[in-house]
Amino acid sequence: MDSQVKKEMRIFYIIILVSISHCLLGQKATPIALVGGRVIPADGTVMEDGVVIFQNGMITQVGQRNKIKIPAHAIRVDVTGHTVIPGMIESNGHVTFDGQYDHGSYWPLKYDQLYAIGVRNLIADLRQGITTIRDTFGPVEPMLQLKKSSNNGDIAGSRLFTCGLILNYGSFTELLNSEDLLASGIDKKLIVRASEALSQPVNDVESGKKIIRDYAAKGIDFIKISAFSATGELPPTMPFNTLKELVKEAHRLGLRTTTHAMSPASIEASIDAGSDAIEHPEFVSGSVAGADTVITPELARKMAKHKTYAIPLKIAFDIYERYYRNPTLLRSDPHHNDVPPEMLDEGIRGVEHALKQNPTLANRFKRSDALFNTNLKTLMDAGVPIAMGTDRGTRLNYHQAGNHIDELEIYVKLGMSPMDAIISATLRGAELLGQEKKLGSLTQGKLADLVVVEGNPLENIRNLDNVRMVFKEGVRYR
């Protein structure tokens with residue numbers, strides 16, 4: 001292990017120890033009452049001068065102050081002038097991704113550090129008010145280890161749900177088998193290990209069912225299947241019968257499903273196959289290449305009728321336009337203050353190299369932007385259930401940046417009410433996970449995941465960025 005790696009590991013574990021010692025200050029057995037703030041339970045209502053009481057990790061009372069009897073021995077916390085919302089849920093994140101530009105070298109060289117990287121990212125996410133993350137792609141073993149550590153309280157990070165690998169997704173495999181990477185001087189054994197850890201091919205229906213059964217036995221939380229990636233990429237469109245049978249098998253085992261779908265045909269196939277959700281349906285193939293490909297109102301209404309959840313990742317492409325237009329913003333963005341400097345340097349090098357190859361990249365993403373907005377608004381107008389996701393961790397999309405606020409702001413600009421934007425980041429995420437009885441709203445009997453922000457996010461959704469307190473299961477982490 002080289003000196004830089006040792007330094008990073010020491011930093012990671014110092015953060016862990018500091019965070020754990022801080023959270024131990026919470027007294028779960030003593031009732032805590034947040035008093036006097038605006039309470040947004042995420043059920044469509046607002047309580048001014050409200051009270052939220054929790055004890056032993058559970059919410060015990062929520063209501064107007066004049067209607068709530070606060071226990072005499074409760075710890076009162078005055079939150080006047082602040083807003084209390086449920087803990088937010090990131091519905092499409094990647095905790096073992098670090099915002100890396102160069103995926104090819106990252107996975108072989110960083111694989112042994114993925115657990116430590118994940119710990120750091122989960123801690124950063126929780127401090128932003130993201131109490132739960134639905135991770136939609138990550139190597140199985142590190143992901144399960146992180147899930148166990150986070151959910152057991154061994155680390156002071158967001159609660160974690162994982163799908164492991166995407167079934168039949170080949171983009172990283174292709175990248176790790178590229179001639180350029182093989183000629184880069186990286187140990188071929190490391191490349192092979194990473195390639196195997198990131199690939200989950202489905203050869204036929206039975207092999208796919210076996211993978212799902214294995215995942216269920218290991219404790220994977222939901223299944224993600226690549227129905228279609230993008231024109232010219234691997235894998236090709238999955239046969240509809242295969243997709244339908246895999247969804248059916250997952251449901252038989254009590255696992256929810258989602259699809260990676262980037263064409264109108266694969267979106268419709270996902271709906272017809274009974275998938276519970278579709279990731280980034282607004283990114284239909286063709287749009288990426290600048291073609292005039294849109295989601296029709298008919299397709300959106302069909303998605304709404306089947307209550308198929310959409311997880312937009314609109315901010316991911318906005319990030320590309322922003323930094324391809326001006327790479328130096330990667331360093332000057334104040335939201336990047338806690339991003340490891342070497343990752344920012346790596347990002348700048350990657351962007352500058354890409355711009356040498358194609359100076360018009362920013363314009364490409366700007367052209368796509370209007371189409372993506374059109375598609376997302378069509379989904380919203382049709383009543384498709386929207387769960388907030390950002391693709392956090394992917395290229396230039398650093399966990400520490402808090403890009404979920406930008407994502408919610410996009411929803412509001414496209415016509416979603418601030419209340420519904422908050423619900424997309426709370427209750428909809430819980431429903432997507434099948435955890436709405438435990439998470440997603442401030443309701444008696446649910447887990448005490450709460451965030452206190454300064455100001456009123458119903459007046460300005462960006463006030464969600466003013467996080468002052470974060471509680472997960474009744475323990476304060478910020």
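These legends describe views of a predicted model, in which local features need pLDDT of at least 70, side-chain atom pairs count only at pLDDT 80 or more, and totals for chains, interfaces and linings use all residues. Residues are numbered from 1 along each chain as its sequence is written, and side-chain values use heavy atoms, with hydrogens and water left out.

**View 1. Asp 465 in its loop.** Asp 465 sits in the loop between strand 13 (450-454) and strand 14 (467-472); strands (E, at least two residues) and helices (H or I, at least four) are DSSP runs, numbered from the N terminus. Its relative accessible area is 30%, which makes Asp 465 partly exposed, the class between buried (under 20%) and exposed (over 50%), with a 1.4 Å probe and protein chains only.

**View 2. Surroundings of Asp 465.** Leaving aside residues up to four places away in sequence, Asp 465 touches His 335 and Ile 405, where contact means heavy atoms within 4.5 Å. Val 453 lies 12 residues from Asp 465 along the chain, and their C-alpha atoms are separated by 7.4 Å.

**View 3. The chain around the site.** The protein chain holds 18 helices and 15 strands. Of its 478 residues, 60% count as buried. Among contacts between residues at least 6 apart in sequence, 73% join residues at least 24 apart. The C-alpha atoms fill a box of roughly 70 × 55 × 45 Å along the principal axes.
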